Amino acid sequence: MRLQAIAPVATAAFLFGISFGAVATTAGFGIESALVMSATTFGGAAQVGSAAVLAAGGGAVSAILAGVLLNLRYLPMGVTASTAYKGPWYSRAAQAQLLGDETWALSRTPDGGHDARLLLQAGAAVYVVWLAGTAIGVFAFKNVSVEAWGLDMVSPAIFFALLWNQLDSPKTRIAALTAVATALILVPFTPAGVPIAVASLVCLMGLVK
């Protein structure tokens, strides 16, 4: 049952990893740099966002800012998942490194908590396939257009699939639609990363009220 639940998420993360590998090489990353970033950062959207900024000619500061803004969502996500981590602080800190969008949503329970075992198992599986996908991306898709292969649509597809099961009440639907509208309004006028960060805050505020 757990394998059936984890497999689709791991498959999507694998494809997303390939996408990052291709984007990273286009942005001028060396093979080692891309692999080390995936191993140490393990933040799909932030990594792709930062690499996309560099590929578009942006500077290091803009790339770092985009990554930081995209990862701001992990603050509230980490708070809600914190009760799932057990043991001393250093063990909990290590376990928390496996937290991701997909695993956070997948492990959610009806009472608002998280299935601790599923959270960690899914996180470990996603970490492995994310590294494998990155390796394939940097070697097999070097300097290949991610748009031409449709790899740029992997991440939105993952988020939409995860969101769908969360829209189980008028409150969540309104919060999600408000966040989408906010992001769409900001996209033409703000740097990469800002729309999703602001939309995340708007969605969180809507869920808290």
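Biologist: Which side chain makes a polar contact with the side chain of Asp101, and at what distance?

Modeller: The partner is the side chain of Tyr74, at 3.5 Å. A polar contact is a pair of N or O atoms within 3.5 Å, where within protein one must be able to donate a hydrogen and the other to accept it, and where residues adjacent in sequence count only if both atoms are side-chain atoms. The value for Asp101 and Tyr74 is 3.5 Å, so the pair is called a polar contact. Please keep in mind that this is a predicted model, in which local features need pLDDT of at least 70 and side-chain atom pairs count only at pLDDT 80 or more, while totals for chains, interfaces and linings use all residues. Residues are numbered from 1 along each chain as its sequence is written, and side-chain values use heavy atoms, with hydrogens and water left out.

Biologist: Why is Asp101 called buried?

Modeller: Buried means under 20% relative accessible area, exposed means over 50%, and partly exposed lies in between (1.4 Å probe, protein chains only). Asp101 has 10% relative accessibility, so it counts as buried. Asp101 lies in helix 7, which covers residues 101-106.

Biologist: What makes a stretch a helix, and how many helices and strands does the protein have?

Modeller: Helices (H or I, at least four residues) and strands (E, at least two) are DSSP runs, numbered from the N terminus. By that rule the protein comes to twelve helices and zero strands. Of its 209 residues, 39% count as buried.

Biologist: Which residues are buried in helix 5, and how do you know on which side they lie?

Modeller: In helix 5, which covers residues 74-81, the buried residues are Tyr74, Met77 and Ala81. They cover an arc of only 65 degrees around the axis, so they lie on the same side of helix 5; the arc is that of the directions from the helix axis to the C-beta atoms. The face turned away from this buried side carries the exposed residues Leu75 and Val79.

Biologist: How many aromatic pairs does a search of the whole structure find, and what makes Phe20 and Phe29 an edge-to-face pair?

Modeller: The search finds five aromatic pairs. Rings of Phe, Tyr and Trp (its six-membered ring) pair if their centres lie within 6.5 Å, and planes under 30 degrees apart count as stacked, over 60 as edge-to-face and the rest as tilted. Phe20 and Phe29 are 6.5 Å apart centre to centre with 85 degrees between the planes, so they form an edge-to-face pair.

Biologist: Why is the pair of Phe20 and Trp130 called stacked?

Modeller: Their centres are 5.9 Å apart and their planes make 25 degrees, which is under 30, so the pair counts as stacked. Phe20 lies in helix 1 (residues 2-26) and Trp130 in helix 8 (residues 116-140), so the pair ties together parts that are 110 residues apart in sequence. Phe20 has 0% relative accessibility and counts as buried, and Trp130, at 3%, counts as buried too. Phe16, Phe20, Phe29 and Trp130 form one aromatic cluster.

Biologist: At what angle and axis distance do helix 1 and helix 8 pack?

Modeller: Helix 1 and helix 8 pack at an angle of about 30 degrees, with their axes 7 Å apart. Axes are lines fitted to C-alpha atoms, for helices over the stretch in contact, and angles run from 0 to 180 degrees between N-to-C directions. The contact of helix 1 with helix 8 has 18 nonpolar, seven polar and two charged residues, where Ala, Val, Leu, Ile, Met, Phe, Trp, Tyr, Cys and Pro count as nonpolar, Asp, Glu, Lys and Arg as charged, and the others, Gly among them, as polar.

Biologist: Which side chains does the polar contact of Ser38 join, and is Ser38 buried or exposed?

Modeller: A polar contact of 2.8 Å joins the side chains of Ser38 and Thr134. Ser38 has its place in helix 2 and is buried, with a relative accessible area of 0%.
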